[in-house]
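We'll go through it piece by piece, starting from a single residue.

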Amino acid sequence: MEISCYSQQRGFLISVFLLNVLIYWGGYWKVSGCFDSERKALTTFRKALNDPSNLLSSWDDDASHCCKWRGITCHNITGYVVKLDLHTHYDGFLIDGGINPAFSLSGRIDPALVQLKHLQFLDLSFNAFNGAPIPDFLGSMKELRHLILSWAGFSGRIPHQLGNLTKLISLKLSSDSLSAKNLWWLTSLPSLKYLHMSHVDLSKASHDWVHVMNMSPSFVELSLFDCGLSYISPTLPSVNFTSLRVLDLRLNNFNSTIPNWIANISSLVSLNFLDNNFHGEVPYDQISKLPNLEELWLGSTDDSLRVDWSEFLEGSWRKLKILHLSFSQLHGGIPNSIWNMTSLESLSLSFSENITGSIPRAITKLINLESLSLYGYKMHAAIPDWLHELKNLKHLSLQDCMLTGPIPAAHLGGLSSLEELDLSGNQLNGNIPAALGGLSSLLYLSLHGNQLNGNIPAALGGLSSLLYLSLRGNQLNGTIPTTLGQLSNLSGLDLSYNSLTGNVSESVFENLKKLRYLFLSSNSLVFDPHSDWAPPFQLHRIDLGSCHLGPRFPLWLRAQKYVEDLCLSNTTISGIIPTWFWDLTPQLLFLSLSNNQIFGQLPSPLKMHAQACIDLSLNHFNGPIPCILNGARVLDLSNNQFSGPIPPNFTSTMQYLEFFSAKGNQISGMIPSSIEGMNSLTVLDLSRNNIGGIIPLSLGNCVALEALDLSKNRLSGVIPTSLGQLRQLQTMHLSTNTLSGKIPSSLKKCTSLETLDLGHNNFSGHIPTWIGESFPALRILSLRSNMFSGNIPSQLSKLTSLHVLDVAQNYLSGSIPQSFENLMAMKNEQKINHVLSYGGMRSSYYKENLLVSVKGLVLEYTRTVSLVTCMDLSRNNLSGEIPEGFTGLLGLRALNLSGNHLAGKIPDKIGKLALLESLDFSENQLSGTIPQSISNLTFLSCLNLSFNNLWGKIPSGNQLQTFQNPSIYMGNIGLCGPPLLDKCVSDETPPGPGYVEKDEEEDEMRWFYSGLGPGFAVGFWALCGILVLKKSWRIVYYHFFDEMKDRLFP
């Protein structure tokens, strides 16, 4: 027995010795707790990374103990590196799914990583590797159990080499920049349990993805949210998902019924089928029998998935804890029988717009209910007075429910467990009740977008646990209570868009050390702390727009090291920006200093990053446009005093720029041909400058352009045919230049055009007929002040969206097309104002604008341009008559046909154009009387009928009584009556050629019968006397002989 024990002890000691030998010598040299080979591999890996915020500062080349470096975990016994976790601990916000590079890793994944031969866990998620592909060599790291690369900035195809990681348990690749042609490589991963590929483009794998997944019985979680899948097998010969607990297929486009095999996955705990374009009836009888189902999400945005309340509630749903029927086609109110779902902890009927009526009190019987979300439930009622009976309620969202009346303090105040309260987007009024300050567990309070008034109650300072407070968009007044400074856990404060006044005290922020988001914009607040004030917080997002901060630039911003979003627009700041401020810009995702009095030059180069949105418009910046390092997504330099040419290397760093406006400056030189490198550009606005030269051919390579405005410059030459490549172009302004030639036929490919403005140039030739056939969405066509000739093409009448047509001041001839009566957008009043804006992002976008000659003035329309309905064919050589069909264009507000050779009468039914504000038929050859119906134009404020051949009495009544300027009728020798001095001979019969008054004709006949001799003399002198003394007779008499002369001697 003693020998046996001794042998065991000896064997144990030998094992320990051999283990130490392996650790010490096993092909590696371990120094002070870290293998030298792994330390060198990590150091090489580190050198290939960009680390702007020093996340890896502990990775010291001289520090041998790499197991103590940030993100690294070594095995307790062997000492090998087994875990590398470098995901960004991100406290900021995502913009368009992207990460702020200033706070995350970027650069290159060095192959040295494969030297970590024992690595089991690798997490590089939420970094910014700028579109680099996932390295193929990761597939050779055979010991990996967990690979997490979600939202790391990788793009391209997922390498099939990942199928070599046979020990992999979890694989997380969620990203909207990755794709996969097929998923068969997943079948080589027998141990894979957790697969997250949300937002990955799997559209090319749609036909067989279900069969691939069905071959892997080990799956526990499968998340394919928003993957572009379009097919789901309706049947399966057998279901092998025997371990599957979570299935998330949200936001795909299956366009089918819910497959029956879902009911055979008995292990399912969570099923999410939100917005998959499923249609037909929901198979409640099958899904409700899933024995382990606890979470169910169903719904569809197109109302194609039908949910019958009575049938749904007949299901057993024994274990169901979470029920979300968002977006579903639910009708009527919530039935009382809902209380039968006794295990329910969370109920969401969000966005179910067909649900109306009050919430049934039976919900209070759901004693386990902790979360209730009825976003979009159209109640049209007050907040229910029994909500306090839901004692366990932690989350209550009644956003956009059309709630009215005051907030019931007594009832909501009883929800002592409440952590989230969202009553935003309703019509609640009255004061904010002080009783809300007693909800001690509250973490999130949002009352924004209501009609609440009065002061912010000081009692809200008692919400000691509050993390987020939003009172945005109400009618609150008074000052910000200092008690809000007691909210020591507050992370976000939004009081913007109210009527708050007074000075913001520094003491309000004294204890807000955790504050990250501060929004006080669109109030009348004054925030001008002492120059040596040291804020206790580090803000990430700041919006103080329209507050009074100036005239000094806020010095306290210098201490804010992590700002990503900064809006100081219209804050009365003046002077030069301090140099220290530009040290903040490399980390800014959004910067607005617009509408201030800032002057001076921008630093060059100006350091930004590729995702930045920069708005410096409406200031007094001068000097050259700076070169910008790293680029930006939005750059608005409009309405400043920048001068000189666009730098030739400006475009080299701007490959990600989407919006660029430099309008209203003093920029000269030419548009650089290198602009073709800005292939992400959606808006280019260089209008109102001194840019000369030609439009470069390379501009046609900016194929993402939606808005192009080069108007009011000194451009010459022709429109390059390459612009026909701009298939996404919606608005093009080239007016007020010296461009010439014909409109190139290549533009017919720009089928998305809504505005085409080529006015005030030297274009010639005929107006192309294809304009009416190629631009189905065209709203505005301006060819004004060019040298176009020929007829106006009748094909323009096919432009059913056209509401502004301006071809004035050309050399057009022929008649006005009769088919213009079919211009549909002019036949109806434009009642709804659609603000026409294009491209851009955040607060920067191109706003449609148009100069229109109406009412004798040149007016500029911007925000209301969609309401402008006008036609201007003036100053051409048009002939014929005014088409009678024009009187059917009931939406017209301005009609100008002046300065042509139009003849015939003014249409009798001109009074049908009841919305007309401006009417100009002057300088034509119109004849006949002015129709009485013109007095029906009650909105008319500008009228000009001068210099025609009109005669008769000028109509009166209604709006015509206000036109007292006789010049609007001058040049019509036959017109009479106010406001002309010429009185009409008779109110009943208008004067005309050969017309004589009845009484005078009888006198002449009596003289004739009494004697021819005396009668001749008397008659002769009577006639001559009348012509001398009676002006109206004299006008008619000579007008008669003028007409006779014209007929006899044409």
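Which residues does S488 touch, not counting residues up to four places away in sequence? The answer is N511, L512 and K514, where touching, or contact, means heavy atoms within 4.5 Å. Before going on, here's what we're looking at: this is a predicted model, where local features need pLDDT of at least 70 and side-chain atom pairs count only at pLDDT 80 or more, while totals for chains, interfaces and linings use all residues. Residues are numbered from 1 along each chain as its sequence is written, and side-chain values use heavy atoms, with hydrogens and water left out.

**A serine in a loop**

Back to S488: you'll find it in the loop between β29 and β30 (492-494). The names come from DSSP runs, numbered from the N terminus: helices are H or I runs of at least four residues, and strands are E runs of at least two. S488 has 34% relative accessibility, so it counts as partly exposed. On that scale, buried means under 20% relative accessible area, exposed means over 50%, and partly exposed is in between (1.4 Å probe, protein chains only). S465 is 23 residues from S488 in sequence, and their C-alpha atoms are 7.9 Å apart in space.

**Two open sheets**

Strand β29 belongs to an open sheet of 6 strands, ordered β23-β25-β27-β29-β31-β33, with parallel pairing. Its edges are β23 (404-405) and β33 (524-526); each has a single partner strand, so one side of each is left without a neighbour in the sheet. Strands count as paired if DSSP finds at least two bridges between them. Inside this sheet, β27 (residues 451-454) and β29 (residues 475-478) pair in the parallel sense over 2 bridges, and N453 has Q475 in β29 as its bridge partner.

There's also an open sheet of 10 strands, again with parallel pairing, in the order β49-β51-β53-β55-β57-β63-β65-β67-β69-β70. Here β49 and β70 (974-976) stand at the edges with a single partner strand each, so one side of each has no neighbour in the sheet. What holds such neighbours together? Strands of a sheet pair through backbone hydrogen bonds, either parallel or antiparallel.

| Strands | Sense | Bridges | Residues opposite each other |
|---|---|---|---|
| β49 (residues 716-717) and β51 (residues 738-741) | parallel | 2 bridges | G717 and L739 |
| β51 and β53 (residues 762-766) | parallel | 2 bridges | S740 and N762 |
| β57 (residues 811-815) and β63 (residues 877-881) | parallel | 3 bridges | G814 and L878 |

Helix α2 (residues 36-47) has 12 residues. At 1.5 Å a residue it should span 16 Å, and its end C-alpha atoms are 17 Å apart, which agrees. The expected span is 1.5 Å times one less than the number of residues. Which residues of α2 are buried? They are D36, E38, R39, A41, L42, T43 and F45.

**Inside the protein**

The largest nonpolar core has 270 residues, and L183 and M871 have the most contacts inside it. Such a core is a set of buried Ala, Val, Leu, Ile, Met, Phe, Trp, Tyr and Cys residues joined through side-chain atoms within 4.5 Å. Several elements each supply at least two residues of this core, including α2, β4 (72-74), β5 (81-85) and α3 (209-214). Helix α3 gives the most, with 4 residues. As for L183, its contacts are M197, L202, A205, W209, V212 and M213, not counting residues up to four places away in sequence. Apart from this core lies another, of 20 residues, among them C613, V683, Y838 and L850.

**The cysteines**

How many disulfides are there? Counting pairs of cysteine sulfur atoms within 2.5 Å, the model has 2 disulfides. One links C67 and C74, with sulfur atoms 1.9 Å apart. The torsion about its S-S bond is about -95 degrees, so the disulfide of C67 and C74 is left-handed. The other joins C976 and C984, whose sulfur atoms are 1.9 Å apart; with 100 degrees about the S-S bond, this link is right-handed. C67 and C74 are buried, and C976 and C984 are buried too. Elsewhere, C401 is buried, with a relative accessible area of 0%, and C750 counts as buried at 1% relative accessibility.
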